[in-house]
Amino acid sequence: MREAMRGLTTRGRCFLAASAASALAALLLGEKDLLRVAILLAALPMLAAWYVGRTRYRLGCRRSLDPDRAPVGTSARVVLRLQNMSRLPTGTMLLEDRLPYALGNRPRLVIERLGAQRSTSVAYTVRADVRGRYEIGPLVVRLTDPFGLCELTRAFPSVDKLTVIPQVHPLPAVRLAGEFGGSGDSRARSVAVHGEDDTATREYRRGDDLRRVHWRSTARVGELMVRREEQPWESRATVLLDTRATPHRGDGPTASFEWAVSAAASVAVHLREAGYRVRLVSDEIDLDAVEAGGEGPLLDQLALVRATHRGDTATLVQRVRRRTSGGLVVGVFGLLSKAESELLAELRGSGTTCVAISIDSTTWLNLPGPARAEADRAAGLTSLAMVRAGWRVVPVVHGARLPTLWPQAGRGGQGFAVRAAMAETVSGVNRP
């Protein structure tokens, strides 16, 4: 009750002051009616304080996010469900949910009245243009009585986290060679106990694929026999993201690094949907999507990744080679030097298809003519070195869209190699 009295508004305190003045006048003038008025004026704010204080501790709140993992630039809906567990209706309630600056201004919602043992829901939307994980809450509720004599604040300490993941663009289907953990096209290998001659078989059943007929066992038994089990080879893919800050240009959501993160997310999700076992590798990340429980944790990691001034290409190559043997490697890179390109050539081993999404981050800058020509020549020569090392190069300039560029990953980048070779020839002719 003492805390509730401290919550009296200016109006409530004025009522108490008027009550004291009326009581004093009643004593001086001997008027009993003024004393009755004084008692009434004092009772109203005290009853209001009791009413609000009782309701304050009988409120329940639950928050839900839809969705709790939202791509950059999209909105998420926050639903607040309040329940009045008291036997008395509440007065007006002002709700204010605390939000980080990146999600916008704090929402303020008003509930005029909530009946006894009743519940209600209110909702608002948030939008983030920057990747990350943001805390929503705690919720602060201000309660007042119908007369506005008392106002108390109730805070619910629970918070929920909204993860803003990078944009994931749907990519067209592209046939990529070397997509197995071994090599060759997708195929199934029979499970044998001691060898090809001892393949586990069973009797043919209506509807069985005739390609599974085991003719040696059929000839021996005298009736159609099929292989009992078939186990497909596992397609493996490694998505490599270079998170060094120096190869990238631009700031904020439009920086070349944000384009790279979105590209890595799009490629990883696309390969997962195509049946690959995807592994994501960067300077600080080494995550297998299957071991982590799906693409959700993978996207969570990409939501939190930041450009760093630590790390080098040699360490990145060692981390990839530690667990990668064959299969598909898709790297998303910014500007690379010739020496760094030679280090990346070590990933191109037997049975491995390497695709480089090479971002020319200088196109994110407004360079004068001579500087622009020199930057284009340097980017072309670096990509040419990767093509000669066996990488397929997908060149990226500012404003390019990954779904449009992705088919180049299946064509080997020969056309780009020719253009880069021409650039090298021209630069050699012009070189003094």
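Trainee: Which residue in E3 stands opposite Arg 62?

Mentor: Arg 81 stands there. Keep in mind that this is a predicted model.

Trainee: How do strands E1 and E3 pair, parallel or antiparallel?

Mentor: Antiparallel, over 8 bridges. E1 covers residues 59-66, and E3 covers residues 75-84.

Trainee: How many bridges join E3 to E6?

Mentor: There are 9, and E3 and E6 run antiparallel. E6 is made of residues 119-127.

Trainee: And what stands opposite Val 79?

Mentor: Ala 123, in E6.

Trainee: Where do side chains point in a strand, in general?

Mentor: In a regular strand they alternate between the two faces of the sheet.

Trainee: New topic. How many cavities of 30 Å³ or more are there?

Mentor: The structure holds 2.

Trainee: What lines the largest one?

Mentor: Its lining includes Asp 242, Arg 244, Asp 283 and Asp 312, along with Phe 333 and Leu 344. By class, that lining has 4 nonpolar, 1 polar and 4 charged residues.

Trainee: How does the lining of the second largest cavity divide?

Mentor: Into 8 nonpolar, 2 polar and 1 charged. Among the lining residues are Pro 71, Ser 75, Arg 127 and Val 164.

Trainee: Which elements give two or more residues to that lining?

Mentor: Strand E2 (69-71), E3, E6 and strand E10 (160-165).

Key: Residues numbered from 1 in each chain as written. Predicted model: local features only at pLDDT ≥ 70, side-chain atom pairs only at ≥ 80, totals over all residues. Heavy atoms only, no water. Pairing = 2+ DSSP bridges. Helix = DSSP H or I, 4+ residues; strand = E, 2+ residues; numbered from the N terminus. 1 Å grid on protein atoms, 1.4 Å probe; cavity = no way out; pocket = protein on both sides within 12 Å on 5 of 7 lines; lining within 4 Å. Points joined across faces, edges and corners; volume = space filled by probe spheres on them. Nonpolar A, V, L, I, M, F, W, Y, C, P; charged D, E, K, R; others polar.
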